[in-house]
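Work through the exercises below with the coordinates open. Try each task before reading its solution.

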Amino acid sequence: MFKKILIANRGEIACRVIRACRELGVRAAAVYSEADRAALHVARADEAYCIGPPPPLESYLNIEKIIGTAKAARAEAIHPGYGFLAENASFADACAAAGLAFIGPTGDTLRLSGDKLGARRAVAAAGIPIIPGMSAGAGEFDGVLAEAEKLAYPVIVKAAGGGGGKGMRIVCGEGELAECLEAARREAMGAFGDDTVYLEKYLERPRHVEFQILADNYGNVVHLFERECSIQRRHQKIVEESPSPALGEKLRKKMGQAAVAVARAVGYTNAGTIEFMLDEDKNFYFLEVNARVQVEHPVTEMVTGVDIVKTQLAIAAGEELRFAQKDVSRRGHALECRVYAEDAAANFLPSAGKILFLREPMGPGVRLDGGIYGGYDVPVHYDPILAKLVTWGGSREEARRRMAEAMREYIVIGIKTTIPFLRDVINHPAFVAGETNTAFVADHFDGWREEVPEALVEKALAAAGAAELAAGPAKPYVDADRAAAPTPWRTVGPWETGRGG
Amino acid sequence: MEYEFQEGEAKHAVTVERSGYGFRVAVDGREMEVDLVAVEPGCYSLVTGGEATDVVVVRDGSRRYVVVGGYSVVLEEGGGEGRVGATVLEELVEGVQTIRAPMPGKVVKIAVAEGDAVDKGRTIVVVEAMKMEHPLSAAGPGVVKRIYCGEGQNVDADQPLAEVEIEGNG
């Protein structure tokens with residue numbers, strides 16, 4: 001195992017990797033931009049190095065600077081997290097050239113899986129069904145128009161260079177094509193540094209079902225069953241679960257085998273995910289390979305008991321997988337809700353700013369992977385993910401009820417978050433019934449507003465008035481102006497024991 | 001003591017006086033006995049009529065954020081000005097729509113020029129923040145009157161970006 005690794009990421013995933021490092025006795029070196037000096041991952045790490053100004057291109061995407069920092073810190077490996085450089089083949093190559101282990105697949109595999117078009121060709125060649133669409137990048141407008149007509153609207157414009165919902169646009173008719181192409185190209189350029197886009201047939205109400213893969217450097221490949229991630233906004237997942245309510249044992253086995261075949265077809269090593277679309281008739285189509293640890297990996301950890309991040313480190317350090325497919329079992333049901341700094345009532349507009357108060361939930365079967373704290377100022381420069389709330393239960397319903405209760409306990413004040421929206425999603429009858437597909441949010445939550453029960457408004461008013469009077473004019477209770485000021489816990493001084501009477 | 005709080009569009013009168021170990025509170029004339037105890041900074045245990053609730057109250061200037069039963073209620077003390085808790089993305093005054101930045105970010109595209117005639121819903125400016133693009137569009141058919149920003153410019157929340165004169169009062 002490594003003695004020290006560098007984590008080329010920030011936020012909750014950097015904190016997650018630091019936890020894995022500590023358990024393994026590996027020193028964790030964090031990097032941060034000038035906007036992130038006060039970020040949680042810096043405080044949690046063993047070492048921390050500033051790598052440049054806030055814009056990602058000058059810091060978290062600056063390959064030369066990150067590799068130089070890793071070498072200077074004498075780290076042996078780099079964990080890229082997700083996003084940023086996680087699926088960047090040049091970065092993986094540069095790590096290898098600098099004698100650093102890249103905790104992920106090889107540069108060649110990243111090139112193949114990261115080129116969504118190349119991956120489509122390789123997977124089709126392995127005999128696995130793919131979604132109808134282009135096999136090369138979109139060129140002149142007239143050609144794209146002809147292709148769109150051939151596929152029949154709606155079609156979807158996708159970035160060849162990446163995922164995460166970026167550079168993606170649904171096109172319902174000819175009139176929208178030009179603007180969608182342009183926006184997708186611009187967003188793709190900004191997010192991935194490559195503006196190649198292509199068209200695929202847009203499946204209207206599929207489920208999104210993906211399989212977690214682990215592959216070592218010795219040809220051993222196993223899957224850790226599926227996650228269903230159908231609840232999405234802006235083509236980005238917000239609720240994930242395992243197992244999928246839609247899969248029976250037979251289909252699960254078949255898709256698992258297909259996932260392993262895809263992993264082998266692209267020469268996959270380390271942890272990754274094979275994504276499929278499942279249509280209403282339960283036909284599945286390969287969607288793409290996510291060549292990284294995924295945001296939703298905790299769901300799989302909860303049901304299989306396998307620590308995916310620690311396994312990533314072990315594989316990168318040259319260890320063989322310690323279990324075979326037949327040894328992987330699952331137990332119960334896990335749910336994850338992604339907490340974003342967004343206003344769900346205003347088209348999921350990002351909401352940066354200071355967190356005035358934070359209370360995170362706890363309890364049986366509750367796991368919180370977070371990257372924030374009370375008083376933290378959420379910067380505008382990066383992805384708005386704040387934390388992931390995960391619950392486990394013996395059944396889907398038990399996990400769901402635990403989630404509902406955990407969300408009731410989860411309080412973030414000062415910025416808008418997706419918590420109220422997610423609470424309403426998991427309590428919706430269609431979700432309770434497991435009737436989930438990628439149109440779920442559009443079908444059931446268009447124009448959503450938080451509706452506070454009247455009785456609670458009255459209680460809030462009574463509490464606000466009483467708290468005002470109780471505090472008196474001279475001593476306000478928690479005051480935003482003083483959110484960064486010492487709390488009584490700090491001003492009271494250290495507790496002393498063993499003295500006096 | 002008497003307080004006036006605005007919640008959404010509604011104004012509420014709250015009177016509070018000490019009563020025994022707790023408070024006698026009237027919300028819009030409805031009286032109740034409230035036992036409120038601070039349990040940690042910002043957090044209170046509220047017992048009223050035998051019903052227990054835990055409440056968080058955070059003050060931000062004249063604003064109060066109150067969380068009760070998992071729901072968040074935003075109150076503006078003294079009635080406040082305008083709407084509470086809503087982001088004003090655009091305003092229409094005398095037939096002129098002012099397009100403002102919905103959040104701090106960067107202008108990545110200006111889709112029109114001053115003097116252009118536009119249809120309702122036409123994208124005027126695209127702002128990017130937290131890695132996502134947000135197109136801001138015309139509220140009705142009209143003419144682009146002014147553009148206050150340039151592509152690549154960093155802007156603050158609520159900063160005016162463009163004005164569109166809406167035909168027939170939108």
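The exercises cover strand pairing, the core, the chain contact and the domains of a predicted model.

**Exercise 1.** Find the strands that pair with β1(A), and give their direction.

*Solution.* Start at β1(A), residues 4-7 of chain A. Four bridges link β1(A) to β2(A), residues 27-32, and the two run parallel. Here A:L6 faces A:A29 of β2(A). A:I7 has A:H79 in β4(A) as its bridge partner.

**Exercise 2.** Locate the residues with the most contacts inside the largest nonpolar core, then list the contacts of A:V262 beyond four places in sequence.

*Solution.* The largest nonpolar core holds 203 residues. Those with the most contacts inside it include A:I5, A:I7, A:I78, A:V262 and B:V66. Set aside sequence neighbours within four places: A:V262 then touches A:V123, A:A126, A:I128, A:I274, A:F286 and A:V289. In soluble globular proteins, nonpolar side chains tend to be buried together.

**Exercise 3.** Describe the side of chain B that touches chain A.

*Solution.* Count first: 48 residues of chain B contact 46 residues of chain A. Strand β6 (residues 51-60) of chain B contributes the most to its side, with seven residues. By type, chain B's side has 32 nonpolar, 10 polar and six charged residues.

**Exercise 4.** How far apart are the C-alpha centres of the two domains of chain B?

*Solution.* Take the assigned bounds: domain 1 spans 2-77 and domain 2 spans 90-169. Their C-alpha centres lie 40 Å apart.

Technical notes. Residues numbered from 1 in each chain as written. Chains lettered and ligands numbered in written order. Predicted model: local features only at pLDDT ≥ 70, side-chain atom pairs only at ≥ 80, totals over all residues. Domains from an automatic or database assignment. Core = buried A, V, L, I, M, F, W, Y, C linked by C-beta atoms within 7 Å. Buried ≥ 20, exposed ≤ 12 C-beta atoms within 10 Å, placed from the backbone. Contact = placed C-beta atoms within 7 Å. Pairing = 2+ DSSP bridges. Nonpolar A, V, L, I, M, F, W, Y, C, P; charged D, E, K, R; others polar.
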